[in-house]
Amino acid sequence: MTAKTVDEYVAAAGSDEVRELLTRVRERLRSTVPDAGETISYQMPTVTMDGTALLYYAAWKKHLGVYPVPFGDAAYEELVAPYRAAKDSVHFPYRTPFPWDVLDRIVTLAVRRRLSG
């Protein structure tokens, strides 16, 4: 089944732990992004800002992915580096504690870039 809403996506995600993580990530993103909206795009939950996609996130077998992840200064890149899976994505493995500080920095930079045009 292809989810039509973020609620459906979360409900269909793997284990209880993954559903709980998705719920917490969703809440964190919605509280961090000014006037956040949400939709499903590319079959993933998508946080929107001003009606356009800002970040996508998805539950995979072994990790939670976030896309696209902006590039930043050296301190930011050092923080994000352990999770970079490709030039514009990060993977947060389920087997390790979730790095909320890294997610917060990614979202903050994405919002700042969007607001600056």
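Is Thr 48 buried or exposed? I keep in mind that this is a predicted model. I looked up Thr 48 and found a relative accessible area of 12%. Buried means under 20%, so Thr 48 counts as buried.

Next I checked where Thr 48 belongs, and its place is in strand β2. Leaving out residues up to four places away in sequence, I found that Thr 48 touches Val 33, Asp 35, Ala 36, Gly 37, Glu 38, Thr 39, Ala 53 and Leu 54.

Then I turned to helix α4, which runs over residues 100–115 and has 16 residues. From first C-alpha to last, α4 reaches 22 Å, close to the 22 Å expected at 1.5 Å a residue. I noted the buried residues in α4: Trp 100, Val 102, Leu 103, Ile 106, Val 107, Leu 109, Ala 110 and Val 111. I also asked what covers them, and the cover includes β2, the strand of Thr 48, along with α2, β3, β4, α3 and β6. After α4 comes Gly 117, with a positive phi near 95°.

My search of the whole structure gave four aromatic pairs. One of them joins Phe 98 and Trp 100, a tilted pair at 4.4 Å centre to centre with 50° between the planes. Both Phe 98 and Trp 100 are buried.

A last entry on rings: the charged end of Arg 84 sits over the ring of Phe 71, 4.2 Å from its centre.

How values were computed
Residues are numbered from 1 along each chain as its sequence is written. This is a predicted model: local features need pLDDT of at least 70, side-chain atom pairs count only at pLDDT 80 or more; totals for chains, interfaces and linings use all residues. Side-chain values use heavy atoms; hydrogens and water are left out. Rings of Phe, Tyr and Trp (its six-membered ring) pair if their centres lie within 6.5 Å; planes under 30 degrees apart count as stacked, over 60 as edge-to-face and the rest as tilted. Buried means under 20% relative accessible area, exposed over 50%, partly exposed in between (1.4 Å probe, protein chains only). A charge sits over a ring if NZ of Lys or CZ of Arg is within 6 Å of the ring centre and within 35 degrees of the ring normal. Helices (H or I, at least four residues) and strands (E, at least two) are DSSP runs, numbered from the N terminus. The expected span of a helix is 1.5 Å times one less than its number of residues. Contact means heavy atoms within 4.5 Å.
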